[in-house]
Amino acid sequence: MVAPSAVTEELAPVRILRAGAYRLNLDRPLVMGIVNLTHDSFSDGGRYLEPAVAVEQARRLAEAGADILDLGAESTRPGAAPVSEGEELDRLLPVLEALVPLGRPVSVDTMKARVMRVAIEAGASMVNDVRALREPGALEAVAGSHAAVCLMHMQGEPRTMQHAPQYDDVLGEVCAFLAERARACRAAGVEADRIVLDPGYGFGKTPAHNLHLLARQRSIADLGYPLLAGLSRKSLIGHITGRAVGDRLAGSLAAALIAVQRGARIIRVHDVAPTRDALAVWAALGEAGHLPIEDAH
Ligand code: HH2
């Protein structure tokens, strides 16, 4: 296993995330609400293709307590069809422009540099990239802005990533990859307090890999950057519970609680209100003067 200290420089843990005009206090875990403007996303595909319906859903998530709204216009589901730059922007822009005045940071889930630039120009406060800014021009698009960025680990490409994922040491490899991408961002001029890391649950990982990462997630948080965990309704939950996508709320809540206990500061979910409630129960321990129950490393 690669120890975090071997792959990164010492970094004082980031407590306030800078995202465009926003300063997000990470003392309490934040909830990122998902709105997919796609026809093929694994859980909400086809539901929010109409911009007015997507805006309505995003408003509902904001009212339910979403701290960040995440808009995705290209599914990353295994085997999903690629979307052109123009199509992605056509789906995103009307919704993004309607949501910016809401006063809630809007994140854009995209791998494409031009989509990042245009979205930031239109008011997006965060870029959420499952390719961790590896596309040409992506690093520069974020560096030349004030937007925050989420750098996610993925083995392979969305189309084929679940065929036969293999690691010698999944935790060490994920830590080393994320530390390298954070270093590349810093070298390009992205300050540490604009960077979020994400182990990428379900992206080129078997259920055993996902469980190992979740159990040891604290080692990734120890890199010093805020950690985002996306487990909501994912196939890992289906694998454990045997439930269809629409019936995975209870399993997703359990996973969210385990993730915050192991250092996650942002939880990316479809079901915002129940997640806020679950996290409030967890946080109440700390507020009542009891240290939240933390796992060992
Ligand atoms: N998961 C999905 C998409 N984007 N971004 C981050 N940072 N972390 C994740 O775990 C993550 C992500 C997949 O979920 P969803 O958006 O619901 O589905 P789809 O990719 O099919 O649109």
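Predicted model: local features only at pLDDT ≥ 70, side-chain atom pairs only at ≥ 80, totals over all residues.
Colleague: Okay, so how does the lining of the second largest pocket divide by class?

Modeller: The lining of the second largest pocket divides into 13 nonpolar, 2 polar and 8 charged residues. A pocket here is an open set of points on a 1 Å grid over the protein atoms alone, with protein on both sides within 12 Å along at least five of seven lines, and lining residues have an atom within 4 Å of a point.

Colleague: What volume does that second largest pocket have, and which residues are closest to its centre?

Modeller: The second largest pocket holds about 450 Å³ of space, and of the 23 residues that line it, Arg15, Leu26, Arg218, Gly263 and Arg265 are the closest to its centre. Helix 8 (217-221) and helix 11 are the elements that give two or more residues to this lining, and helix 11 gives the most, with 3 residues. Helices (H or I, at least four residues) and strands (E, at least two) are DSSP runs, numbered from the N terminus.

Colleague: And the largest pocket, what lines that one?

Modeller: The largest pocket has a volume of about 540 Å³ and is lined by 35 residues, with Phe42, Thr76, Arg77, Phe203 and Lys234 lying nearest its centre. Two or more residues of that lining come from each of strand 3 (30-36), helix 7 (207-215) and helix 9 (235-241), with helix 9 giving the most, at 3 residues. By class, the lining of the largest pocket has 11 nonpolar, 15 polar and 9 charged residues.

Colleague: Switching to the ligand, which residues are closest to it?

Modeller: The ligand is surrounded by 18 residues, and the closest are Ser41, Thr76, Asn128, Asp198 and Lys234; a residue is near if one of its heavy atoms lies within 4 Å.

Colleague: What are the distances from the ligand's atoms to serine 41 and aspartate 198?

Modeller: An oxygen atom of the ligand sits 2.4 Å from an N or O atom in the side chain of serine 41, while a nitrogen atom of the ligand is 2.6 Å from an N or O atom in the side chain of aspartate 198. There is also a ligand oxygen atom 3.1 Å from a polar backbone atom of phenylalanine 42.

Colleague: Where is aspartate 271, then, and is it buried or exposed?

Modeller: Aspartate 271 is in the loop between strand 10 and helix 11 (272-287). Aspartate 271 counts as buried because its relative accessible area is 17%; buried means under 20%, exposed over 50% and partly exposed in between, with a 1.4 Å probe and protein chains only.

Colleague: What does its side chain make a polar contact with?

Modeller: The side chain of aspartate 271 makes a polar contact with the side chain of arginine 233, at 2.9 Å. The term means a pair of N or O atoms within 3.5 Å; within protein, one must be able to donate a hydrogen and the other to accept it, and residues adjacent in sequence count only if both atoms are side-chain atoms.

Colleague: What about glutamate 88, buried or exposed?

Modeller: Glutamate 88, found in helix 3 (residues 85-99), counts as buried because its relative accessibility is 0%. The side chain of glutamate 88 makes a polar contact with the side chain of lysine 112, at 2.4 Å.

Colleague: Last one: which value of phi does alanine 132 have?

Modeller: Phi of alanine 132 is near 55°, a positive value in a residue other than glycine. Alanine 132 lies in the loop between strand 6 (126-129) and helix 5 (138-143), and leucine 133, in the loop between strand 6 and helix 5, has a positive phi near 60°.

Terms used. Residues numbered from 1 in each chain as written. Heavy atoms only, no water. 1 Å grid on protein atoms, 1.4 Å probe; cavity = no way out; pocket = protein on both sides within 12 Å on 5 of 7 lines; lining within 4 Å. Points joined across faces, edges and corners; volume = space filled by probe spheres on them. Nonpolar A, V, L, I, M, F, W, Y, C, P; charged D, E, K, R; others polar.
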